[in-house]
Amino acid sequence: GDHADENDFTFGFQGMAGVDYEINDVTDIGIGYKFLGNIEPKFGDLKLDNLYTHSILAVFTFRF
């Protein structure tokens, strides 16, 4: 088969924010937001536009 041996560098970045609410000494719940971006990624001859993802997170923390 075909074997591609190619390296490429693209700029990627992310940002996150969120809040937690302490229910008791060992349990927290929270929500969060995550943004991830990649500037002009390339896969071989395929060049894509900028890629952005947005995620909403539900958080449950139990400490023991």
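**View 1. Whole chain of the predicted model.** The chain exposes about 5700 Å², of which carbon and sulfur atoms supply 57%; accessible areas are from the Shrake-Rupley method with a 1.4 Å probe, and for residues only the protein chains shown count as cover. This is a predicted model, in which local features need pLDDT of at least 70 and side-chain atom pairs count only at pLDDT 80 or more, while totals for chains, interfaces and linings use all residues. Residues are numbered from 1 along each chain as its sequence is written, and side-chain values use heavy atoms, with hydrogens and water left out. The secondary structure comprises zero helices and five strands, in the order β-β-β-β-β along the sequence (DSSP runs numbered from the N terminus: helices H or I, at least four residues; strands E, at least two). Of the 64 residues, 9% count as buried (under 20% relative accessible area; exposed is over 50%, partly exposed in between; 1.4 Å probe, protein chains only). Among contacts (heavy atoms within 4.5 Å) with a separation of 6 or more, 44% are between residues 24 or more positions apart.

**View 2. Surroundings of T27.** T27 belongs to strand β2, residues 27-39. T27 is buried, at a relative accessible area of 10%. Not counting residues up to four places away in sequence, T27 touches Y21, E22, F60, T61, F62 and R63.

**View 3. D28 and its polar contact.** D28 also lies in strand β2 and is buried, with 12% relative accessibility. The side chains of D28 and R63 are joined by a polar contact of 2.9 Å (N or O atoms within 3.5 Å; within protein, one must be able to donate a hydrogen and the other to accept it, and residues adjacent in sequence count only if both atoms are side-chain atoms). Beyond neighbours within four places in sequence, the contacts of D28 include Y21, I23, V59 and R63.
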